[in-house]
Amino acid sequence: MSRALVLSGLVVTLAGCHSAFVDATVSNHTAQPITQVEVDYPSASFGTERIAPNADFHYRFKVQGTAPLKLLWTDSTRKDHTVTGPEIREGAEGPYTIVIRDGGVDWLPNLKTTTR
C-alpha cells in the first residue's frame, strides 16, 4: 500500500472526528471579588476559588446529557448565591458567557448543537 494512500486515509479519518465542547467564561462584573464559584452542568461541574472584580474565569467542557445550568458563588459579604440558568443539551458547542452583576446573572449562550 502506498504511503500517500495511507496518509490520505488517515486525513479522512481524522477529519471525521469532531467532539463538541463548550468554551465557558464566567465574568465578575461586580466591584468586589467573588469566591467559591461553581457551575453545574449535566453530569459534572467546574469552578474556581476566586474571581476578582472585572475579571474572567475560562473553562472548556463537554456536555453529556440535558439539564439546566446552575451557578453558585459567595459574595464579599459571605452571602451564598444560587441561580439556575437555561437548559443546555448534549452536543452543544461554542462559546457561553455567564456574567455576574450586582443585579443578577446574564446567561449569554452562543451555542450550536451537533448531532451524530
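User: Which residue in S7 stands opposite Val 22?

Analyst: Gly 94 does. This is a predicted model, where local features need pLDDT of at least 70, side-chain atom pairs count only at pLDDT 80 or more, and totals for chains, interfaces and linings use all residues. Residues are numbered from 1 along each chain as its sequence is written, and side-chain values use heavy atoms, with hydrogens and water left out.

User: Which way do S1 and S7 pair, parallel or antiparallel?

Analyst: Strands pair if DSSP finds at least two bridges between them. Strand S1 (residues 22-28) runs parallel to S7, with seven bridges between them.

User: How many bridges join S7 to S8?

Analyst: There are six, and the two strands run antiparallel. S8 covers residues 104-109, and a hairpin of two residues leads from S7 into S8. To find the pairing on screen, look for Arg 101 and its bridge partner in S8, Gly 104. S7 also pairs with strand S9 (residues 112-113), antiparallel and over two bridges; there, Glu 93 has Lys 112 as its bridge partner.

User: Why is S7 largely enclosed by the rest of the structure?

Analyst: Buried means under 20% relative accessible area, exposed over 50%, and partly exposed in between (1.4 Å probe, protein chains only). S7 spans residues 92-101, and seven of its 10 residues are buried, so the strand is largely enclosed by the rest of the structure. Across the 116 residues of the protein chain, 31% count as buried.

User: Which residues have the most contacts inside the largest nonpolar core?

Analyst: In soluble globular proteins, nonpolar side chains tend to be buried together. A nonpolar core is a set of buried Ala, Val, Leu, Ile, Met, Phe, Trp, Tyr and Cys residues joined through side-chain atoms within 4.5 Å. The largest one here has 22 residues, and Phe 46, Phe 61, Leu 71 and Ile 88 have the most contacts inside it. At least two residues of this core come from each of S1, S2 (34-41), S3 (44-51), S4 (55-61), S5 (67-74), S7 and S8.

User: What does Phe 46 touch?

Analyst: Contact means heavy atoms within 4.5 Å. Leaving out residues up to four places away in sequence, Phe 46 touches several residues, including Ala 24, Val 26, Val 37, Phe 57 and Phe 61. Over the protein chain, 52% of the contacts with a separation of 6 or more are between residues 24 or more positions apart.

How values were computed
Helix = DSSP H or I, 4+ residues; strand = E, 2+ residues; numbered from the N terminus.
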